[in-house]
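Hi everyone, thanks for coming.

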Amino acid sequence: MKRLPIPEDVTGEEIDKDVRQELLSLPKGLAEDVSKNLVMVARLIDEDPEGAYAYSKIALRLASRVAAVREAAGFAAYANQKYSEALAEFRAARRMTGSVDLWPVMADCERGLGRPEKALEMAGAAEVHKLDKAGQVEMRLVAAGARRDMDQLDAAIVTLQSPELASNTVQPWTARLRYAYADALLAAGREDEAREWFAKAVESDKDGSTDASDRLAEMDGVEFVDAFVEDDDEDESDTVTDAEADVDVDDDDDDDEVEFQDDVSVADELDDEDDGTEDDAVAESKDDVVKEGVIENDAPLKEDDDKN
C-alpha cells in the first residue's frame with residue numbers, strides 16, 4: 001500500500017479525544033498510522049481537498065471498520081464533490097454509530113446528485129427532531145438550497161425565516177444563515193432587503209466564513225483598486241528618458257502642453273427603504289412549505305431581542 005509523507009510535526013495526538021477512543025480497538029502501531037492520516041485530512045481539507053482525499057483513502061484502507069475514518073473519508077469526498085462516494089461513507093458511519101449528526105450533509109449530498117426532492121424529504125423526516133440546534137439550522141439551509149434548485153425562490157426565502165434568523169444573538173451559524181437569506185432575497189429581486197441582510201451577515205461574520213462584505217460592496221457599486229499597481233503606472237508616466245530630455249532642451253519652439261484629467265465615477269446609493277409587506281406569492285409559498293412539514297417551528301420574521 002502506497003503511503004504519503006507525514007510531516008514531522010504531526011504526531012497523531014492532534015485528533016479529537018473521541019476519535020482516539022475509537023482507535024483503541026486497533027493495534028497501537030496501526031492506530032498511530034491512522035490517526036496521523038486523519039490529522040492530515042483535517043489539515044488539508046479546506047486548502048487542498050485533493051490532498052485531503054488522498055490521505056483519507058489511506059486511512060480508509062487501514063481501518064475501514066472505524067466510524068470516524070468512514071466519516072473523515074466522507075467529508076474528504078464531499079469536499080471534492082464526489083457526492084455519491086461521500087453519501088456512501090456517511091451512511092456507513094451512521095450505521096456504525098446510530099447517530100443522526102450527519103443527516104444534513106447526507107441531504108446535501110442528495111442535492112449534489114441532482115435529487116433536491118430527496119433532500120426535502122429528508123428535511124421533513126423524524127431524524128431532524130433529534131438534531132441539536134446547529135444541526136437543525138444546517139438542515140434548514142439545505143432545505144432552502146433544495147428549494148432554489150427547484151426554482152422555488154419564494155419557498156426558499158420562507159424556509160430560511162426562523163427564530164434563529166431573527167435573533168440578535170450571534171451563534172456559529174448566524175453569519176451563514178443571514179448570508180443564505182440575503183442571497184435568496186437578491187435572487188428574487190428584493191435588492192433593498194438583500195442589502196440589509198448582507199450587512200447583518202457582515203456584522204456577525206467575525207471569522208470571514210462568507211464573502212458577505214464583498215457582496216455588500218458590489219451592491220453599493222464599490223470597486224477596489226490595487227493602489228500599488230496604480231502608483232506604478234503613475235511612476236512610469238512621470239519617467240523621462242535622457243533622449244527625451246535632450247529633445248525638450250533643444251526644441252525651444254515646442255510649447256505644446258498635455259493635460260491629464262482623471263475620470264471620477266460616482267456610484268448611486270441604493271434605497272434601503274422597505275415597505276415591510278409580504279406579497280401574495282410569498283404568503284402562498286409559506287403555506288405550502290409549512291404544509292409539507294419542512295419547517296416545524298416557523299415563526300413570523302421579526303427582530304427577537306431575547307438571548308438564546
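Let's begin with D151, which counts as exposed because its relative accessibility is 69%, over the 50% cut-off. Please keep in mind throughout that this is a predicted model. D151 sits in the loop between α8 (133–149) and α9 (153–160). What is the phi of D151 like? It is near 60°, a positive value in a residue other than glycine.

Q81 is another one to click on. You will find Q81 in the loop between α4 and α5, and although Q81 is not a glycine, it has a positive phi of about 60°. Q81 has a relative accessible area of 59%, so it is exposed.

Now for the rings. How many aromatic pairs does a search of the whole structure find? The search finds 4, and I'd like to show you two of them.

Take F75 and F90 to start with. Their ring centres are 5.0 Å apart with 70° between the planes, an edge-to-face pair. This pair links distant parts of the chain: F75 belongs to helix α4 and F90 to helix α5 (residues 83–97), 15 residues apart. Are the two partners buried or exposed? F75 is partly exposed, at 31% relative accessibility, whereas F90 is buried, with a relative accessible area of 0%.

Next, please find Y179 and F198. Here the centres lie 5.5 Å apart and the planes meet at 70°, so this pair is edge-to-face too. Y179 is in helix α11 (residues 174–187) and F198 in helix α12 (residues 191–204), so the pair ties together parts 19 residues apart in sequence. Y179 has a relative accessible area of 17%, which is under the 20% cut-off, so Y179 counts as buried. F198 is buried as well, at 0% relative accessibility.

Which residues form the negative surface patch? They are D16, D18, E22, E71, D101 and D132. E71 takes us back to helix α4 (residues 67–79), and E71 is partly exposed, with a relative accessible area of 33%. D16 comes from the segment before α1 (17–23). At 44% relative accessibility, D16 also counts as partly exposed. While you have D16 on screen, look across to S35: the two are 19 residues apart in sequence, and their C-alpha atoms are 9.8 Å apart in space.

That's my tour, folks. Happy to go back to any of these spots with you.

Key
Residues are numbered from 1 along each chain as its sequence is written. This is a predicted model: local features need pLDDT of at least 70, side-chain atom pairs count only at pLDDT 80 or more; totals for chains, interfaces and linings use all residues. Side-chain values use heavy atoms; hydrogens and water are left out. Patches are made of residues with over 30% relative accessible area and no salt bridge: like charges are joined within 9 Å, nonpolar side chains (Val, Leu, Ile, Met, Phe, Trp, Tyr) within 5 Å. Accessible areas come from the Shrake-Rupley method with a 1.4 Å probe; for residues, only the protein chains shown count as cover. A salt bridge is a side-chain nitrogen of Lys or Arg within 4 Å of a carboxyl oxygen of Asp or Glu. Lys and Arg count as positive and Asp and Glu as negative; His and the chain ends are not counted. The place of a charge is taken as NZ of Lys, CZ of Arg, CG of Asp or CD of Glu. Helices (H or I, at least four residues) and strands (E, at least two) are DSSP runs, numbered from the N terminus. Buried means under 20% relative accessible area, exposed over 50%, partly exposed in between (1.4 Å probe, protein chains only). Rings of Phe, Tyr and Trp (its six-membered ring) pair if their centres lie within 6.5 Å; planes under 30 degrees apart count as stacked, over 60 as edge-to-face and the rest as tilted.
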